[in-house]
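The structure is shown first.

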Amino acid sequence: MARAGLASPADDLSPAEEAAPARWRPPGYWPFVVPALVVVVGVIVFPWAFTLWMSLHEWKVGAAPAFVGLSNYARLPTDPRFLDAVWQTLVYTALSVVLPLVLGTLAACVFHAKFPLRGFLRGVFILPMMATPVAIALVWTMMFHPQLGVLNYLLSLVGIPPQLWVFHPATVIPSLVLVETWQWTPLVMLIVLGGLAALPTEPYESAQIDGASIWQMFRHITLPLVAPFLFVAAMIRMIDAVKSFDIIFAITQGGPGTASETINIYLYSVAFAYYDVGYGSAIAVVFFLLIIALAAALLVVRKRTQGAVA
């Protein structure tokens, strides 16, 4: 209420004006938001909307699109090549996440300790993640060569017979995972190393007083405390590995045969080799849903792990 003798602006309003709703005015930050909205709509919303539209049509390059509804999606469960690509994608992703996590955590623990030339060796260790994927693929292709590759030469030094590596269906996926692990283990190491640097020292001092071993301190102190950092690294590696294309395409192009054909490689073949844009769009939509499902599964695992630790 206004004080006695002082008139407030509301006292000058008529009853009709008081009952009328306040006129909406655009907020002052709109000029800064509109350019971002235009970029989001043009770069994200429109391409996905157009992809959904194409997935509902039979559209081959050079012909007019014809509406077929969900027929492209109905083809997927009966397409053996697509099913093989899904399985190979899941295997490739699982190995490309687990191995860098394990080796990166081990490397982080090593580089967290103090020893001479630690900074220099850290710099050398992270060099693989700075190289371009195509250059990495070309180098590893030469190393994988059955007759001239350095890997078989190193195996011969310890009496192991030469391997076919990416030239055999049984070893092509593990060989590609080897390249992925070599390139991205340093990223996991950096993430976990940041977590180790932020850990308090009091729990370790108490554990040492109680006579705990190094393994016990790692299992019961270090691992639970760096679990959030491991989850971040696992999420980044999962999303990156499931959509991996450049290294696989540059080394094997999905071969031998279709032994290393992931969903991304098959999608490329359907859309840009066979020019079946409609079916390729349906594969892209299902691929996107698969990435969301894997990310959601990882979130559920993290929540259950946090509940068990709590």
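A charge is taken to sit over a ring if NZ of Lys or CZ of Arg is within 6 Å of the ring centre and within 35 degrees of the ring normal. In this predicted model, the charged end of Arg75 meets that description, lying over the ring of Tyr279 at 3.7 Å from its centre.

**Aromatic pairs**

A pair of aromatic rings is described by the distance of the centres and the angle of the planes. The model contains 15 aromatic pairs. One of them joins Trp140 and Phe144 in a tilted arrangement, with 5.4 Å from centre to centre and 45° between the planes. Trp140 is buried, its relative accessible area being 7%, and Phe144 is also buried, with a value of 0%. Elsewhere, ring pairs connect Phe46, Phe50, Trp53 and Trp59 into a cluster.

**Annotated segments**

An unreviewed UniProt entry assigns the annotation "transmembrane region" to residues 29-50, 90-111, 123-143, 182-200, 221-239 and 277-301.

| Segment | Helix | Strand | Distance between end C-alpha atoms |
|---|---|---|---|
| Residues 29-50 | 95% helix | 0% strand | 30 Å |
| Residues 182-200 | 84% helix | 0% strand | 31 Å |

**Nonpolar patch**

A nonpolar surface patch of about 860 Å² includes Val39, Trp48, Phe288 and Ile292 among its residues. Helix H2 (30-55) and helix H13 (277-309) are the elements that each give two or more residues to the patch. Helix H2 gives the most, with 7 residues, and Val39 is located in this helix.

Conventions. Residues are numbered from 1 along each chain as its sequence is written. This is a predicted model: local features need pLDDT of at least 70, side-chain atom pairs count only at pLDDT 80 or more; totals for chains, interfaces and linings use all residues. Side-chain values use heavy atoms; hydrogens and water are left out. Rings of Phe, Tyr and Trp (its six-membered ring) pair if their centres lie within 6.5 Å; planes under 30 degrees apart count as stacked, over 60 as edge-to-face and the rest as tilted. Buried means under 20% relative accessible area, exposed over 50%, partly exposed in between (1.4 Å probe, protein chains only). UniProt positions are given in the numbering used here, feature names are shortened, and annotations may be inferred rather than shown by experiment. Helices (H or I, at least four residues) and strands (E, at least two) are DSSP runs, numbered from the N terminus. Patches are made of residues with over 30% relative accessible area and no salt bridge: like charges are joined within 9 Å, nonpolar side chains (Val, Leu, Ile, Met, Phe, Trp, Tyr) within 5 Å. Accessible areas come from the Shrake-Rupley method with a 1.4 Å probe; for residues, only the protein chains shown count as cover. A salt bridge is a side-chain nitrogen of Lys or Arg within 4 Å of a carboxyl oxygen of Asp or Glu.
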